[in-house]
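Please walk me through this model in a viewer, one selection at a time. I would like to know what to select and what is there.

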Amino acid sequence: MSFLRVENLGVRFGGVVAVDGVSFEVRKGEVFTIIGPNGAGKTTVFNLVCRIYPADRGRIEFEGRDLGALAPHRLAGLGIARTFQNIELFEHATVLENLLIGRHRHRRTGFWRDLFFARAVRESELAQREAVEKVIDFLDLAKYRDSRVAGLPYGVRKVVELGRALATEPRLLLLDEPSSGLNPEETDDMAFWIEDIQKQLGITVLMVEHDMGLVARVSDRVLAMNEGRAIALGTPAEVQADRAVVEAYLGAGA
Amino acid sequence: MRFLFKTSYADDLRLFQHGGQVFWYGLLGLALLSAPAWAGEYLMTQLVFIAIYSIVGFGLMMLTGFTGQVSLGHAAFLAVGAYTEALLAARGVPPFVSIPAAAALAAALGVVVGLPALRLKGIYLAIATLAFNVIVEEITARWESVTHGNAGMPVAPVKLFGSELGTEGFYYLCLALATAAALACVNLLRSPTGRAFVAIRDSEVSAACLGVHLAKYKTVSFAFSAALTGVAGALYAHKVGFLSPEQFSLLVSIELITIVILGGVGFLHGAVLGAAFVIVLPQAIAVAKDWLPETMAPSGLQAVVFGAILILVILFEPMGLYGRWLKIRTWFELFPFYRRGMFRRQRSYLRTERLR
């Protein structure tokens with residue numbers, strides 16, 4: 001049984017075939033990256049895995065379980081978390097609150113006990129804060145803890161979003177272009193964090209990324225896509241040398 | 001300026017963050033508790049209305065200010081609470097049964113109205129709730145066997161253990177329920193349920209990806225908001241003593257949303273400030289009318305002033321009365337380092353395309 005298996009996945013929006021029969025497997029513990037030129041369908045694959053769009057065909061299995069039948073909010077409970085290409089944080093809340101929302105799947109109380117702030121809520125809240133502080137330490141966010149997200153620089157938001165995903169304690173982490181909009185130093189930090197997430201926390205990472213330096217540094221395997229199809233799969237070096245990949249980026253005859 | 005040094009996680013969970021808050025809230029509590037001793041009859045009536053409108057304000061603030069779902073139909077929940085209470089009180093049901101019943105019925109209706117909210121957003125949801133308001137108003141006018149239609153129905157005074165609750169007793173009842181409502185909102189906001197509401201308000205996509213069941217939490221928010229409004233409706237019925245459909249028209253719904261916008265969207269304090277303003281304004285207009293010449297004081301003056309204030313607040317003070325207070329307080333705390341742009345909304349960076 002593979003960790004995440006995507007089989008013959010396809011979706012079309014009107015006349016546009018965004019993803020056309022893509023299959024791949026992610027092994028437990030690896031960093032698996034999807035690359036490809038703009039419009040290749042990488043983010044669409046992500047959104048299909050997260051069940052934000054329903055797939056027209058194909059099958060997605062997480063630890064042998066068919067994700068196709070699940071509502072999007074059920075995925076967090078299985079241990080799947082994601083970040084977004086253009087950041088989808090809760091703008092009018094503080095960093096701490098954002099990370100605490102990440103703990104939603106670990107809540108132990110429902111509406112009625114919350115209404116009276118029962119002892120169980122208090123105990124659960126203390127436990128959640130402890131868990132969130134670990135993430136804050138891990139990503140070095142302590143000085144932004146009580147700042148509102150709306151006023152933070154782009155690079156910090158990107159880290160907060162990563163933190164929010166980590167706060168859910170995922171087993172599979174989906175990163176949609178983790179380095180987009182970051183300067184070289186921030187990209188470097190991001191690379192360290194992704195390595196740490198894989199090695200220290202033991203979380204499997206599936207990411208979409210354009211920065212080939214970052215891809216080559218952290219990825220175990222790379223899948224190249226073009227026009228909705230998978231065109232190459234292998235180690236970063238293999239994929240970079242692949243003829244079809246070079247053609248997709250630079251055109252035939254390059 | 002005050003710096004809060006937190007030394008344990010429990011510090012975050014406290015109801016009052018520092019001694020200053022305990023002091024000021026204590027003072028406010030004392031003033032309100034002793035109000036019957038120092039306030040005249042007129043002021044007492046105003047305080048009761050402010051308490052009632054604050055309860056609606058809290059309910060609507062949770063829905064609109066924290067969950068991001070607009071409702072232009074809250075007068076309907078007010079009507080459901082009021083008529084339920086009037087009918088039960090007429091049959092001699094004690095308030096500790098009838099008020100929860102009013103809340104429960106309003107909540108049940110809130111769930112029904114919440115259903116379109118699962119698919120509709122923004123202006124479309126506003127229109128759906130507006131239609132609901134019109135429907136309920138029409139039903140109260142036509143269902144004469146129960147509501148006495150446009151002729152209206154009198155409401156029996158609150159009776160507790162066989163004796164009537166006087167003006168003073170009723171004031172304390174309103175005060176207690178308003179305080180309980182505020183506490184309930186604060187409790188929700190510092191626990192997972194309230195955070196899920198805020199998550200839905202700020203980004204539905206990522207809320208869902210973090211495991212928030214959108215449909216469930218939107219429904220809960222609608223039901224809770226409607227329940228509070230139902231409680232307020234029950235109190236309102238007793239206060240005014242006579243119910244007729246036009247007391248729950250669309251204009252009242254607009255007045256209720258004004259409480260939230262004027263007070264400051266996203267601040268519980270704003271609900272109280274907005275309620276006080278909405279109660280005091282008509283009185284001020286009535287006084288002004290006596291002084292203005294006939295031609296300058298048409299009968300629709302109140303609606304015009306409400307509308308104008310709503311527009312001006314949205315344009316020039318989007319954080320409402322409470323936001324204005326925050327700015328003033330910050331100005332003093334930071335003097336002389338306050339900068340004009342400190343509260344300006346930051347430009348949002350590009351967001352992922354809206355998916356639904």
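Two strands count as paired if DSSP finds at least two bridges between them. Keep in mind that the model is a predicted one.

Select residues 4-13 of chain A, strand β1, together with residues 16-26 of chain A, strand β2. These strands are antiparallel and are joined by 8 bridges. Within the pair, A:R12 sits opposite A:V17 of β2(A). β1(A) and β2(A) make a hairpin with 2 residues between them, and A:G14 in the turn has a positive phi of about 60°.

**The sheet.** Next, show the open sheet of chain A, in which 6 strands follow the order β6-β7-β8-β3-β9-β10 with mixed pairing. From one strand to the next, the twist averages 20°.

Zoom in on β3 (residues 31-35) and β8 (residues 204-208) of chain A, which run parallel and share 4 bridges. Pick A:T33 there: its bridge partner in β8(A) is A:M207.

Finally, display chains A and B, where 39 residues from chain A and 35 residues from chain B take part in the contact. On the chain A side, the elements giving two or more residues are α2 (74-78), α3 (95-102), α4 (111-115) and α5 (119-139). α5(A) gives the most, with 6 residues. By class, this side of chain A has 18 nonpolar, 10 polar and 11 charged residues.

Methods: Residues are numbered from 1 along each chain as its sequence is written. Chains are lettered from A and ligands numbered from 1 in the order in which they are written. This is a predicted model: local features need pLDDT of at least 70, side-chain atom pairs count only at pLDDT 80 or more; totals for chains, interfaces and linings use all residues. Axes are lines fitted to C-alpha atoms, for helices over the stretch in contact, and angles run from 0 to 180 degrees between N-to-C directions. Two residues are in contact if their C-beta atoms, placed from the backbone, lie within 7 Å. Ala, Val, Leu, Ile, Met, Phe, Trp, Tyr, Cys and Pro count as nonpolar, Asp, Glu, Lys and Arg as charged, and the others, Gly among them, as polar.
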